[in-house]
Amino acid sequence: MKTVVITGANHGLGLATARQFLQAGWRVAALARTPPELPASDNLRVELADLTDMAAMVGVVDRLKGVPVDVLINNAGVFDADNTDAPAASKNFDRLTNVFQVNAIIPRILADALLSNLQAGEDKLVVTISSGMGTFKGLNEYNAEHWAYSASKAATNHAMISFAKLHPDIKSTLVHPGWVQTSMGGSGALIPVDEAALYLYKLIVEHARKLPNAKLVDYEGKGMDL
């Protein structure tokens, strides 16, 4: 039985993805700040932690010591506003700093910390949720207004491509999940969250060997320019 570690598993895409993997018979380690509403299962392991607290992250990694991890899904993310319909929080220094911590720094640090777990797994795959907003090709007026989120996702891309460069035995793929109907996605989002989770599951399970290393792809696995 394979094991997936999912961050931000208490809501939105992370929660829906955890449900999808549990239903498919995977062992799921759900990392979240608050308890996720997931069905009780012998295959479910919940680790409650605020990963912006380094001591909390170290605790999670210590508790996972010796556990082979086939796939790490760096899903946790925050926007620079209450949702995509709201104005950007362009002058709130603490909030802007948190955007970069959660979106760009934590995924890289966690992947580094779980390196031995990933090396012991079969799939040896890190999937990090990125965004088309983090690409220069996708730069428009809206993305420019929300520069902090966009820049944090560009930093995410660089951080995880750099991870692939340093660890050629681990595949690191960035995924743009589309505009998903979550609290972050806002009222106009196009893709239902369960559908987005299914897309992500299929990318990982059905197309894992075809996923490009150190590249950004959309939810159908098609390459995107950075």
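**Entry 1**

I began with K124, which lies in the loop between α4 (115-120) and β5. Helices (H or I, at least four residues) and strands (E, at least two) are taken as DSSP runs, numbered from the N terminus. The model is predicted, so I note that local features need pLDDT of at least 70 and side-chain atom pairs count only at pLDDT 80 or more, while totals for chains, interfaces and linings use all residues. Residues are numbered from 1 along each chain as its sequence is written, and side-chain values use heavy atoms, with hydrogens and water left out.

K124 is not a glycine, yet I found a positive phi of about 50° for it. Its relative accessible area is 25%, so K124 is partly exposed. For this term I used the following limits: buried is under 20% relative accessible area, exposed is over 50%, and partly exposed is in between (1.4 Å probe, protein chains only).

I then looked up A214, a residue other than glycine with a positive phi near 60°. A214 sits in the loop between α7 and β7 (216-218). With a relative accessible area of 21%, A214 is partly exposed.

**Entry 1: the nonpolar cores**

I next listed the cores, a nonpolar core being a set of buried Ala, Val, Leu, Ile, Met, Phe, Trp, Tyr and Cys residues joined through side-chain atoms within 4.5 Å. The largest nonpolar core has 30 residues, of which V4, I6, F21, V28, I73 and I204 touch the most other members. At least two residues of this core come from each of β1 (3-7), α1 (12-23), β2 (27-32), β4 (71-74), β5 (125-129) and α7 (193-206). A second, separate core holds 24 residues, L31, V60, L64 and V102 among them. In soluble globular proteins, nonpolar side chains tend to be buried together.

I examined V28 in detail, taking contact as heavy atoms within 4.5 Å. Not counting residues up to four places away in sequence, V28 touches V4, I6, A18, F21, L22, N43, L44 and R45.

**Entry 2: α1 against α7**

I recorded that the axes of α1 and α7 come within 8 Å and cross at roughly 55°. Axes are lines fitted to C-alpha atoms, for helices over the stretch in contact, and angles run from 0 to 180 degrees between N-to-C directions. The two helices α1 and α7 are therefore oblique to each other. On this scale, angles under 35 degrees count as roughly parallel, over 145 as roughly antiparallel, 65 to 115 as roughly perpendicular and the rest as oblique.

α1 passes α7 in a right-handed crossing. A crossing is right-handed if the near helix is turned clockwise from the far one by less than a right angle, and left-handed if anticlockwise. From α1, the residues G12, L13, A16, T17, Q20 and F21 meet V193, D194, A196, A197, L198, L200, Y201, I204 and V205 in α7. By class, this contact of α1 with α7 has 11 nonpolar, 3 polar and 1 charged residues. Ala, Val, Leu, Ile, Met, Phe, Trp, Tyr, Cys and Pro count as nonpolar, Asp, Glu, Lys and Arg as charged, and the others, Gly among them, as polar.

V205 is partly exposed, with a relative accessible area of 37%. Leaving aside neighbours within four places in sequence, V205 is in contact with F21 and W26. V205 and D123 are 82 residues apart along the chain, and their C-alpha atoms are separated by 9.6 Å.

I found helix α3 (residues 93-113) packed with helix α6 (residues 147-166) at an angle of about 15°, with their axes 9 Å apart. α3 and α6 are therefore roughly parallel to each other, and α3 passes α6 in a right-handed crossing. The α3 with α6 contact comprises 15 nonpolar, 4 polar and 3 charged residues.

Within α6 I checked A159, which is buried at a relative accessible area of 14%. Its contacts, leaving aside neighbours within four places in sequence, are with A104 and R108.

Helix α2 (residues 54-63) also meets α3: their axes come within 10 Å and cross at roughly 35°. This crossing of α2 and α3 is right-handed. M54, M57 and V61 in α2 meet I106, I109, L110 and A113 in α3. The residues of this contact divide into 7 nonpolar, no polar and no charged.

**Entry 3: S90**

Lastly, I located S90 in the loop between β4 and α3. S90 counts as partly exposed, at 39% relative accessibility. Leaving aside neighbours within four places in sequence, S90 is in contact with L96 and W147. S90 and E145 are 55 residues apart in sequence and 8.4 Å apart in space, C-alpha to C-alpha.
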